[in-house]
Amino acid sequence: MSSRRHRIVHRTTMRYDGEVTAAHNELRMIPVREPGQTTLETRVRVRPLTWSNVYEDHWGTQVMSMESQTPHEVLEIEATSTVERTELPVEVDAAGWDVVRDERTRDRLSEFLAQTPRTDPPEEVAAMAQELADEPTPRAAAQALVARVHEVLSYERGITGWQATAAEVWERRGGVCQDFAHLTLGALRSIGIPARYVSGYLTADDAPLERGASVLARNHAWIELWDGGWHPLDPTNVGPVGLDHVVIGRGRDYDDVSPFRGMFVGPSVADLDLEITFTRIG
C-alpha cells in the first residue's frame, strides 16, 4: 500500500502600521488524524505569545486559540507538522439516489445539505445541477458537475475576495480553489447531495515530489460528497485527491475552517506574508 511522509512548514508574518497592544486569534493549521492520514508531530510557535489553548471544534478540526498581550508591531506564526498519508483500500461501490434521499440521511446530514451565504448557487448553476440529477448515481452526477464547473471557470487569483459568494464567482466565471469548492457545494446541495468543504495543503508543483525534495505549497480547498460514505473530489484540479492532499479540517464552507482569524487592538495591518513549504521525507 503506497504512502508518503511530508514535513509541512506554514509561516505567517503579520506587520502592523504601528504598535498593537493586544491580539486574540484562532489558528487552524494542525492536520487531522484519521484513516489514511497520521499526524506524527506538530508544533506551533507564536511570537509574541501570552497564552494558548488547543481544542477540537464542532467539525473535528484542531484549533489553537491564542492571545498576545505584549505590545508588538509584528506577529509571527510558524506551524510545523510531520504527516504520513497512506493510500486506503479500494472503496465499496457508490450508493444510489435512494440512500442519499432517505429521510434519515437527510436528517443526520442536514448541516451539509443546507446552503450558506457562501454556497447558495445562482439559478443558472442550480439548473445545470438539476440536469445531472438523472445520472445513475449521486457520485456520477457530482463527477459530471465538477467537469462542467472546471470547463466554465478559470483559475485566476485576484478577481475574487476571500468573502466571495458562489453567485459572485459564477458572474466572474473564475476564482481560486475556495471559489471552485463553494460553487460545487452549492450545486450538489441544490439536488440533495450532502457535501462538505475540506481545507488543507497541496504542493504547488504538479510533478511528483521526490524524496528529500522541498517545494512551495499552498492552502487548498476541495470537497467531499456523501453517497454511503464520504468521497473526495477536487473541483479545481479535476484529478483524484491523492497522497499530496493533506487535510486540516472540514465544515460547511470556508468560514468554518479559515486558517487564521481573530481581532486586535491597534492600527491596521500594513503587510501580510505567507509561506508554506512541503518536504517529502518518506
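I take a salt bridge to be a side-chain nitrogen of Lys or Arg within 4 Å of a carboxyl oxygen of Asp or Glu. The model I am reading is predicted.

**Entry 1: salt bridges**

I searched the whole structure with that cut-off and got 18 salt bridges. I then looked up Arg 11, which pairs with Glu 275; their closest N and O atoms are 3.1 Å apart. Arg 11 sits in strand β1 (residues 3-20) and Glu 275 in strand β14 (residues 269-280), so this bridge ties together parts that are 264 residues apart in sequence. I checked accessibility for both partners. Arg 11 has 34% relative accessibility and counts as partly exposed. Glu 275, at 38%, also counts as partly exposed.

I went on to Arg 15. Its side chain meets that of Asp 273 in a salt bridge, 2.7 Å from N to O. Here too the pair ties together separate parts of the chain, because Arg 15 lies in strand β1 and Asp 273 in strand β14, 258 residues apart in sequence. I also found a salt bridge between Arg 15 and Asp 271, at 3.4 Å from N to O. Asp 271 belongs to strand β14 and Arg 15 to strand β1, and 256 residues separate them.

Asp 271 comes out partly exposed at 33%, and Asp 273 partly exposed at 34%.

I noted one network as well: salt bridges link Glu 26, Arg 28, Asp 57 and Arg 261.

**Entry 2: Arg 173**

I located Arg 173 in the loop between α5 (166-172) and β8 (174-175). Arg 173 counts as partly exposed, with 32% relative accessibility. Which residues does Arg 173 touch, not counting those up to four places away in sequence? I listed Glu 124, Val 152, Leu 153 and Ser 154. I also took the distance to Asp 255: the two C-alpha atoms are 22 Å apart in space, with the residues 82 apart in sequence.

**Entry 3: largest pocket**

I looked up the largest pocket and read a volume of about 1000 Å³. Its lining has 34 residues, and those nearest the centre are Trp 162, Gln 178, Asn 219, Tyr 254 and Leu 274. Which elements each supply at least two residues of this lining? I found β1, α6 (177-190), β9 (195-203), β10 (214-226), β13 (260-265) and β14. I sorted the lining residues by type and got 17 nonpolar, 10 polar and 7 charged.

**Entry 4: nonpolar cores**

In soluble globular proteins, nonpolar side chains tend to be buried together. I therefore looked for such groups here, and the largest nonpolar core has 33 residues, each under 20% relative accessible area. Leu 145, Val 149, Leu 153, Leu 183, Leu 188, Ile 193 and Tyr 197 have the most contacts inside this core. At least two of its residues come from each of α3 (123-131), α4 (138-152), α5, α6, β9 and β10. The largest share, 7 residues, is that of α6.

I followed up Leu 145. Leaving aside neighbours within four places in sequence, Leu 145 is in contact with Met 128, Leu 132, Thr 184, Ala 187 and Leu 188.

Conventions. Residues numbered from 1 in each chain as written. Predicted model: local features only at pLDDT ≥ 70, side-chain atom pairs only at ≥ 80, totals over all residues. Heavy atoms only, no water. Helix = DSSP H or I, 4+ residues; strand = E, 2+ residues; numbered from the N terminus. Buried < 20%, exposed > 50% of the residue type's maximum accessible area, 1.4 Å probe, protein only. Contact = heavy atoms within 4.5 Å. 1 Å grid on protein atoms, 1.4 Å probe; cavity = no way out; pocket = protein on both sides within 12 Å on 5 of 7 lines; lining within 4 Å. Points joined across faces, edges and corners; volume = space filled by probe spheres on them. Nonpolar A, V, L, I, M, F, W, Y, C, P; charged D, E, K, R; others polar. Core = buried A, V, L, I, M, F, W, Y, C linked by side-chain atoms within 4.5 Å.
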